Amino acid sequence: MVSGTTPVDVARIVEGDTTLVVPAGSISGVVPPRRPAFFNPRARRTRDLAVLAAGAHAEGHSGAYLDAMAGVGARGLRVAAEAGSYDMVFLNDSNPDAVGMARRSAALNGLGRVAFSNMEACRFLCEHSVRGGRGAAVDVDPFGSPAPYLDCALRALEYGGMLAVTATDLQVLGGLHDAACRRIYGGVPLWTVYGAETAVRLVAGCMATVAGRLGAGISVLHAESHMHYYRVYARLLSKPGSSRPGYMVHCHRCGCRRVSDTHPRACESCGGDAEAAGPLWTGPLFDADFVGRMALRDAEQNGGAYAAYLEKCRREAAMPAAFYTLDEVASRAGTGPPPLRMMLEGLRGEGFSAEATSFSPTGFRTDAPATDVHRIVSSAKSHAHKV
Ligand SMILES: [Zn+2]
């Protein structure tokens, strides 16, 4: 039993360097239950990356880490134990049973410099929205959309601080409910192979819009799409950033895709109907220096478990928005998909930039026009046959 409101069966697990007290039911069932408290052992990857991002951000930023929806504390306690130089980690959750387990875990790990509270998330964030009380980093990890919390979260963050948010409303961001997506995120998605990228751009676009209302701006440091969640890590800037909300314009006839400030009616390549997702964030999704620091920490702490993933993120940082997938371009060209390496070499061989994307195992980004991509996939495929 722990010091929550109800007796709870608990188990102990170790994740990273941290021992965690979690509900026993969360590690035995297929779907972790919401009660007595939610903990998903299969979401370790997102917590590992959150610890790396918190550590990368903490280099040069002391101050407080505010975990507004800490749950049983798996992420916040790991940040306190593994990410280094935060002066204080505040773990808050509206569920007293979850906070009880987080307290017990902190004691087990001998963690000082952690504080606990049991408030609704916005109330917690508002209490930190005062001079001297703001966070160097704020994390918002809700069920569903982070949009209702962005205002309070940004107000609780110092300039230069990092806001990390999770979105799990995949149906809304994936295009099943356009009206809801426009209402919640201020833009609409579009059904394409790069839907996961569109989704994180809608979340980042909403963050930028809310920051803009406060006279501030954001730059995106890292974005992640995995299984049933999206994560966006952004830095709060003291003035609006240079990236304006725009559109991802897509032509289903010729496969052309690009970023635009406006939504044109016709495809500039073939004259077909141009569809668009947005308004959304059209700026970079990765900061190469930041991702490089995450990779260094990964090498030290995890033996490079995420090295390949982070290297993809770093290399795609400066590449165009809207990736292609091998299946998509091969199908359009009437051929089978070549190996990704051969596709990248084919594009580079003709002087185009080309990189794999972290968003899809068969995805790639290039500055080549769609017509060249479809021509090159055929020659890459036939060349792959010969070797
Ligand atoms: Zn077209």
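Does C254 count as buried or exposed, and at what relative accessibility? C254 counts as buried, because its relative accessibility is 17% and buried means under 20% relative accessible area, exposed over 50% and partly exposed in between (1.4 Å probe, protein chains only).

The model is predicted: local features need pLDDT of at least 70, side-chain atom pairs count only at pLDDT 80 or more, and totals for chains, interfaces and linings use all residues. Residues are numbered from 1 along each chain as its sequence is written, and side-chain values use heavy atoms, with hydrogens and water left out.

C254 belongs to a zinc site. The protein donors of the zinc ion are the SG atoms of C251, C254, C267 and C270. They lie 2.2 to 2.4 Å from the ion. Donors are N, O and S atoms within 2.8 Å of the metal (3.2 Å for Na, K and Ca); water is not among the atoms, so sites may look incomplete. The donor residues follow the spacing C-x2-C-x12-C-x2-C in sequence. The arrangement is tetrahedral, because the 4 donor atoms subtend angles of 101 to 115 degrees around the zinc ion. Four donors count as tetrahedral if all angles lie between 85 and 135 degrees. C251 is also buried, at 1% relative accessibility.

Cysteine pairing was examined next. A disulfide is a pair of cysteine sulfur atoms within 2.5 Å. By this rule the count is 0 disulfides. For C152, the closest cysteine sulfur is in C122, at 3.2 Å, too far for a bond. C152 is buried, with a relative accessibility of 14%.

Helices (H or I, at least four residues) and strands (E, at least two) are DSSP runs, numbered from the N terminus. Contact means heavy atoms within 4.5 Å. On the helix 10 side, the contact residues are A288, V291, G292, M294, A295 and D298. These meet A307, L310, C313 and R314 in helix 11.

V138 is found in strand 6 (residues 135-140). V138 is buried, at 1% relative accessibility. Leaving out residues up to four places away in sequence, V138 touches L66, L125, A153, A156, L157, M162, L163 and A164. V138 and D261 are 123 residues apart in sequence, and their C-alpha atoms are 30 Å apart in space.

Backbone geometry was then considered. Most residues other than glycine have a negative phi, and most peptide bonds are trans. The peptide bond from R35 to P36 is cis, with omega near 5 degrees. P36 lies in the loop between helix 1 (24-28) and helix 2 (44-58). The bond from G278 to P279 is also cis, with omega near 0 degrees. P279 is in strand 12 (residues 275-281).

R113, not a glycine, has a positive phi of about 50 degrees. R113 is found in the loop between helix 4 (96-108) and strand 5 (114-117). Its relative accessible area is 48%, so R113 is partly exposed. M227 has a positive phi near 45 degrees. M227 is in the loop between strand 8 (217-226) and strand 9 (229-237). At 53% relative accessibility, M227 counts as exposed.

Key:
Tetrahedral: all angles 85-135°; square planar, octahedral: opposite > 155°, others 65-115°.
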